[in-house]
Amino acid sequence: MTTIVLADSPWLYVGLGWGASAGALLGYAGWVVVRGRRLSRDVPPEARRWS
Amino acid sequence: MTTVTTEPTRGVDVDDAPRSTGSPATRALGAVVLALVGLLVLLGLVTSPAERVQGEAVRLFYVHVPTSTVMFLAVGVAALGSIVVLWKGSVFWDLVAAASAEIAVVLTGLSLVTGMLWGRPTWGVYWVWDARLTSTALLFILLLGYQAVRALPADRTTRARRCAVAALITSLNVPIVHYSVDWWRSLHQPATISTLDPKIDDAMLVAFAVGMATYLLGYLWLLIHRFRVGWLEEQVADLGLGDALAERRAEGLADAGGAP
């Protein structure tokens, strides 16, 4: 019964759409930041002074 | 006695350079983006009204349209960078183009997903093979193709030129995606905000504007960080090549010294 009500509700699609956006963008941003931290360990300081 | 070395201090924590791709400017930008995300959630999900025909499903408008608009921008930046790469052989612009193209993959994928989720409650179907949806799917495939070309083994110059050509071919699809709703009969609605006096509720317009600002600044934040990751990857590749050459030279010297 609950499933039928949810499937008929536009809030389900709104929640999935906003959730997918937040999940994908936060996940990608997190991956970029972590990869940057890992690579920074292997690079001399003069090559990672950001202006 | 003080020892002075000119060798890079790899893996040694004696420097004051940042140990990440962050800087004061990107941290400030990130804080602004997070504040805008909070405001977007409040305006888009709580305070803005339901639409007369679509009802609550209109709330997908505040993420789907900014995603798609910034997707166009990301492909445009990749194309612009690629022109400079082909013109001047710029490493900087090759990295900018690669960063922007990768972000464009994420945004195009999200545009397709949020569009499908918006289509179900408004059209009754997740997907139809009409011009807008099909050309967007093609854009996604072309952007994946760019990533495949980037991963092919090649020297830096060859890779940059190949990727630049791939990005320019991909960008040809952008006007087709944008104007597809005008050129062909489509289930997809035409542009909602295309004039300075849009016919839209003020609360919806404000939520949409906050969504646009969030995605634009979020894209800028991602572009800077992804560019720096690309830059670091190049440095690591150079250091690895340098180490391998030094090892080979040492082996060669040892062989020469040990020969009878």
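Because the model is predicted, local features need pLDDT of at least 70 and side-chain atom pairs count only at pLDDT 80 or more, whereas totals for chains, interfaces and linings use all residues. Residues are numbered from 1 along each chain as its sequence is written, and chains are lettered from A and ligands numbered from 1 in the order in which they are written.

Chain B contains 7 helices and 0 strands, where helices (H or I, at least four residues) and strands (E, at least two) are DSSP runs numbered from the N terminus. The order of elements in chain B from the N terminus is α-α-α-α-α-α-α. Of the 260 residues in chain B, 34% are buried; a residue is buried if 20 or more other C-beta atoms lie within 10 Å of its own, exposed if 12 or fewer, and partly exposed in between, with C-beta atoms placed from the backbone. Among the contacts in chain B with a separation of 6 or more, 78% join residues 24 or more positions apart, a contact being a pair of residues whose C-beta atoms, placed from the backbone, lie within 7 Å. Chain A has 2 helices and 0 strands, and 25% of its 51 residues are buried.

The packing of helix pairs was then examined. Two packed helices are described by the angle between their axes and the distance between the axes. Axes are lines fitted to C-alpha atoms, for helices over the stretch in contact, and angles run from 0 to 180 degrees between N-to-C directions. The contact between helix 2 and helix 3 of chain B comprises 18 nonpolar, 10 polar and 1 charged residues. In this classification Ala, Val, Leu, Ile, Met, Phe, Trp, Tyr, Cys and Pro count as nonpolar, Asp, Glu, Lys and Arg as charged, and the others, Gly among them, as polar.

Helix 4 of chain B and helix 5 of chain B pack at about 175 degrees with an axis separation of 9 Å, so helix 4 of chain B is roughly antiparallel to helix 5 of chain B. Residues making this contact include Leu139(B), Tyr146(B) and Val149(B) of helix 4 of chain B and Arg159(B), Cys163(B) and Ala167(B) of helix 5 of chain B. By class, the contact of helix 4 with helix 5 of chain B has 9 nonpolar, 2 polar and 3 charged residues.

The largest nonpolar core has 43 residues, a core being a set of buried Ala, Val, Leu, Ile, Met, Phe, Trp, Tyr and Cys residues joined through C-beta atoms within 7 Å. Residues with the most contacts inside this core include Ala74(B), Ala101(B) and Cys163(B). At least two core residues each come from helix 2 (10-41) of chain A and from helices 2, 3, 4 (131-151), 5 (156-171) and 7 of chain B. Helix 3 of chain B supplies the largest share, 12 residues. Not counting residues up to four places away in sequence, Cys163(B) touches Asp94(B), Ala97(B), Ala98(B), Tyr146(B), Val149(B) and Arg150(B). A second, separate core of 18 residues includes Ala57(B), Val58(B), Leu60(B) and Val65(B).

Two individual positions in chain B were also considered. Ala160(B) lies in helix 5 of chain B and counts as buried because 24 C-beta neighbours lie inside 10 Å. Asp130(B), in the loop between helix 3 and helix 4 of chain B, is partly exposed, with 15 other C-beta atoms within 10 Å. Beyond residues up to four places away in sequence, Asp130(B) touches Ser186(B), Leu187(B) and His188(B).

Note on methods: Two residues are in contact if their C-beta atoms, placed from the backbone, lie within 7 Å. Angles under 35 degrees count as roughly parallel, over 145 as roughly antiparallel, 65 to 115 as roughly perpendicular and the rest as oblique.
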